[in-house]
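Good morning, colleagues. Please turn to the model on the screen, and I shall take you through part of its strand pairing.

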Amino acid sequence: MFFTYLMRLRMKGGPYKLRWRAKELSLALIVLVCTTILIWTWDRSPTLTSTLSSKNQLQLPPDIKTVPVDSKTHVKEDISTLTRSEAINNKGEHLAEKTHSTDIFKSSSDFETVPIQKKEEAIKHKHSSKREKTGVSESGSSSTQIEETNNVILGGKFSEQEEKRMDHQACDYTKGKWVIDDRRPLYSGLGCKQWLAPMWACRMMQRQDFAFENIRWQPKDCELEEFEGSKFLERMQNRTLAFVGDSLGRQQFQSLMCMITAGKETPDVLDVGPEFGLVIPPGGKRPNGWAYRFPSTNITVLYYWSSTLCDLEPLNPEDPQTEYAMHLDRPPAFLRDFLHRIDVLVLNSGHHWNRGKLRANKWIMYVGGEPNTNRKIADMGSAKNFTIHSTIKWLNSQLSKHTHLKAFYRSLSPRHFVNGDWNTGGSCNNTTPMSIGKEVLQDESSDLGAASAVRGTGIKLLDITALSQVRDEGHISRFSITATPGVQDCLHWCLPGVPDTWNEILFALI
């Protein structure tokens, strides 16, 4: 048809008219094609980008604009990126995000959980006008920007109680200094006879200098929460706190009992040791631990003796002189039996890992249910690390089954023997506090083994090694009531004393 039309034009007007008509036709075809494309595009996208209102344009949430990434903040890149991605992907779901954040603070002492950046920003907002130190890196954001960030990420402001809780969780208690505080001690070493063993109550010994009792630990960038027995009982209502470890763990247990009661006689406290199998065995002098319950708030505080944190099994139960299988790859049976009843757990081990203790206690190392033949594990230091890692790994595997549990591993309590050991004339004769005003500022724990064991797990490190290292005057020293000439105790502490600070930090973290 089109060809026939061209022939007619050729016949009517000749070649010039034909070329003119062809140009008109080409223009018509171009207009037709453009119109067709425009109509097709309109059908596919009736609302063109140029006509969108400003409120429908894609915008990044304020937290991406206002929260700078601080390279000094010790947060893994993938964690901080995840937090920002969640803010983008969950736009419009601020209420759910707020609930999630609140649950984290309530359910865990997780001193470092995924939303650590959120906690930092909230803390900075609280102190933005005064620029007080909070123990976290400054980002340089203005108070207005931080408030916007809080509203986007958390869906609102924190309550005063939540802000205080975040302050304590963000604080790095390992850095700081010892300062004089006339309000100390928190209890009397003469008065707390109900819980404090006489062998650790230096007020009942011949020691005359008690300046070590009037010292308080002051963290560098924050305040350590003031311990009050009533606050502890309220916070731990209907819960059980357990210390499992060696004699230093027992000192921490007795210290806490004195702190809760302010060293006063408390006749209504119940002895519930039998509920946990803590009774004096036949022929024994004392039980393997103690457990006490405060009826007013139904909290239980207990201690179980396990100096090596591994399972000990008599090879011949009928023989009083039997040797014991020391199962390095099995946690204490007490933990396996009673973990479901424990809400806060504090483990420790260290000073019993020596050949003399193994021989005296008739312990034989076992791995896999058989006597150990691995030379790499047979070394005492290696055996200790192997056991602690095994127990922490097992405990970490139990956290998902016991979601109520908060678990801590307390780092090594330092010894201060000079010119020998406990049995070779070693001494710690200093009685004057020399550490006042001297700051402890190291970034890593002095107990590398403990830090390594908990790394990557849900168990938290209660790091007390460095802050205790500068308190050599706080030991029982030559004043022990059971001391023999030439033998000093530069391992255990006078109570009241340094272990009280361990419990103050623990209190702030739970």
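Let me begin with a definition: two strands are said to pair if DSSP finds at least two bridges between them. Strands themselves are DSSP runs of E with at least two residues, numbered from the N terminus. This is a predicted model, in which local features need pLDDT of at least 70, side-chain atom pairs count only at pLDDT 80 or more, and totals for chains, interfaces and linings use all residues. Residues are numbered from 1 along each chain as its sequence is written, and side-chain values use heavy atoms, with hydrogens and water left out.

I turn to strand β5, residues 289-294. Because 6 of its 6 residues are buried, β5 is largely enclosed by the rest of the structure; buried denotes under 20% relative accessible area, with a 1.4 Å probe and protein chains only. In a regular strand the side chains alternate between the two faces of the sheet. Here, G289, A291 and R293 point one way, while W290, Y292 and F294 point the other.

Which strands accompany β5? Strand β6, residues 299-305, runs antiparallel to β5 and is joined to it by 6 bridges. Strand β4, residues 270-271, also pairs with β5 in the antiparallel sense, over 2 bridges. R293 is the bridge partner of L270 and stands opposite T300 in β6. Between β5 and β6 lie 4 residues, making a hairpin, and N298 in the turn has a positive phi of about 60°.

Finally, an open sheet of mixed pairing has 4 strands in the order β7-β8-β10-β11. β7 (311-314) and β11 (370-371) each have a single partner strand, so one side of each is left without a neighbour in the sheet.

Terms used: Buried means under 20% relative accessible area, exposed over 50%, partly exposed in between (1.4 Å probe, protein chains only).
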